[in-house]
Amino acid sequence: MVRKEVKNHQAVAHAETTLKKIRMVRGGQELNGAHKVFGAAYRLLDPDGQSPTVTRSGFRDFIHPSEDRLCTVRELARLQTFPDAYEFKGRRCDTYAKSRYVTQTQHEQLGNAVPPLLARALAFSIRRQLFERQVPEPRSHTPGILRVIETLDGHYPEDNLGNKENPLDELIYILISRRAAERQYVPVYTALHRRFRRWRGLLGANPQEVSEILRPAGLASQRTKAIIGCVAAIHTDFGDVSLSRLRRWSNSRAYNYLRTLPGVNDKVAKCVLGYSLHRDVLPVDSHTLRVSTRLGIIPQDTSYFRAPALLEASVPEGSRLRFHVLCVLHGRAVCRSRRPDCSRCPLRRLCPSAPDYLE
Ligand code: SF4
């Protein structure tokens with residue numbers, strides 16, 4: 001069915017001779033034999049199989065899998081992972097007429113294009129290789145790390161820091177909590193969720209109003225842009241405002257997708273993976289970095305870029321999310337940024353940063 005609001009989705013009526021050829025083709029195959037038309041493949045798409053790459057001559061290459069017609073520009077665009085919000089301007093078909101040198105046709109824009117999802121994944125991967133993936137030499141897990149976890153476990157039985165089961169709730173919660181104190185971001189999140197019971201409401205929201213609600217947590221305009229931008233991107237990518245499908249995705253696929261959203265850094269993505277999708281990841285926030293460096297698990301001058309890889313090399317699988325939670329609890333209660341309370345720290349005998357007189 002042609003939906004009016006979706007652009008580039010005009011199905012055209014075919015001549016009887018074209019229809020005849022279309023009906024000859026079997027599922028997943030091409031027109032062949034004497035009926036083959038020079039330069040056109042007339043492939044019948046297989047709904048259960050992979051699609052061939054869409055080429056510039058797609059206007060006469062791809063037959064709809066369940067209707068007697070060739071695919072529309074929008075259908076071909078979806079095969080190429082173009083979001084529906086992307087509109088193709090210019091003439092529809094590539095006729096090889098001279099005019100195509102003047103105006104690029106819609107099929108020409110589509111044909112052999114790098115699919116946007118692939119382009120985003122590649123760009124993301126290159127950025128990680130350049131800036132974040134300075135993977136350290138593999139080394140065995142620091143012998144003391146399990147003792148640290150065991151000791152802190154006995155002191156902090158909590159495993160919930162107010163995080164959310166629903167991945168979109170968690171994403172918004174973490175975007176609000178960045179660089180804010182708990183007493184600021186918790187009420188702000190509650191106020192925002194009270195105003196927008198369904199996050200979908202943020203799609204047409206007035207940024208001024210959202211910014212006003214976020215103001216008590218600071219960085220209001222940055223947070224507004226990120227939150228509204230995330231909701232809009234998720235809606236464009238999935239057609240609804242939900243991240244529930246990430247539950248079925250692998251760690252790397254879900255992580256890479258989250259990193260394409262505005263304002264989502266390594267820590268935010270890993271918090272969503274860890275707290276809502278229950279994956280064993282190690283988000284590095286200020287508490288995790290501070291406690292880890294003071295304990296000598298990673299060097300003192302480690303940056304936020306290098307810390308995730310260094311810590312993952314030190315903290316064994318299965319304990320990573322727990323290690324992060326324990327660092328947050330310990331960093332808030334005892335190993336505070338200013339004036340850590342080393343005298344009542346259960347780790348003081350293990351910690352190279354503890355004052356000598358406590359030994
Ligand atoms: S001994 Fe002091 S510096 Fe070391 S972990 Fe405990 S509070 Fe932090």
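Guide: The protein chain is assigned two domains, domain 1 (16-110) and domain 2 (145-344), with bounds that come from an automatic or database domain assignment. Their C-alpha centres lie 44 Å apart. The model is a predicted one, in which local features need pLDDT of at least 70 and side-chain atom pairs count only at pLDDT 80 or more, while totals for chains, interfaces and linings use all residues. Residues are numbered from 1 along each chain as its sequence is written.

The pLDDT, the predictor's confidence in each residue from 0 to 100, averages 86 over the protein chain, and 91% of the residues score at least 70. Over residues 135-140 the value falls below 50, and this stretch has six contacts in the model beyond near neighbours in sequence; a contact is a pair of residues whose C-beta atoms, placed from the backbone, lie within 7 Å.

The secondary structure comprises 14 helices and two strands, where helices (H or I, at least four residues) and strands (E, at least two) are DSSP runs numbered from the N terminus. A residue is buried if 20 or more other C-beta atoms, placed from the backbone, lie within 10 Å of its own, exposed if 12 or fewer, and partly exposed in between. The buried residues of α6 are P167, L168, E170, L171, I172, Y173, I174, L175, I176 and S177. Their cover includes α7 (182-195), α8 (207-214), α9 (220-238) and α11 (266-276). Just after α6, R179 takes a positive phi of about 55 degrees. Most residues other than glycine have a negative phi.

R215 is partly exposed, because 14 other C-beta atoms lie within 10 Å. L219 counts as partly exposed as well, with 16 C-beta neighbours inside 10 Å, and its phi is positive, near 50 degrees, although the residue is not glycine. The C-alpha atom of R215 is separated by 34 Å from that of Q300, a residue 85 positions away along the chain.

A positive phi is also found in N8, about 60 degrees in a residue that is not a glycine. N8 sits in the segment before α1 (16-24) and counts as buried because it has 20 C-beta neighbours inside 10 Å.

For the chain as a whole, 31% of the 359 residues count as buried. Of the contacts with a separation of 6 or more, 56% are made by residues 24 or more positions apart. The C-alpha atoms fill a box of roughly 95 × 50 × 35 Å along the principal axes. The radius of gyration is 27 Å, whereas a compact globule of 359 residues would have one near 21 Å; the radius is taken over C-alpha atoms, and the globule rule is 2.2 Å times the number of residues to the power 0.38.

Finally, the ligand is surrounded by 13 residues, the closest being C335, C342, C345, C351 and A354; a residue is counted if its C-beta atom, placed from the backbone, lies within 6 Å of the molecule. By class, this shell has 10 nonpolar, one polar and two charged residues, with Ala, Val, Leu, Ile, Met, Phe, Trp, Tyr, Cys and Pro taken as nonpolar, Asp, Glu, Lys and Arg as charged, and the others, Gly among them, as polar.

How values were computed. Two residues are in contact if their C-beta atoms, placed from the backbone, lie within 7 Å.
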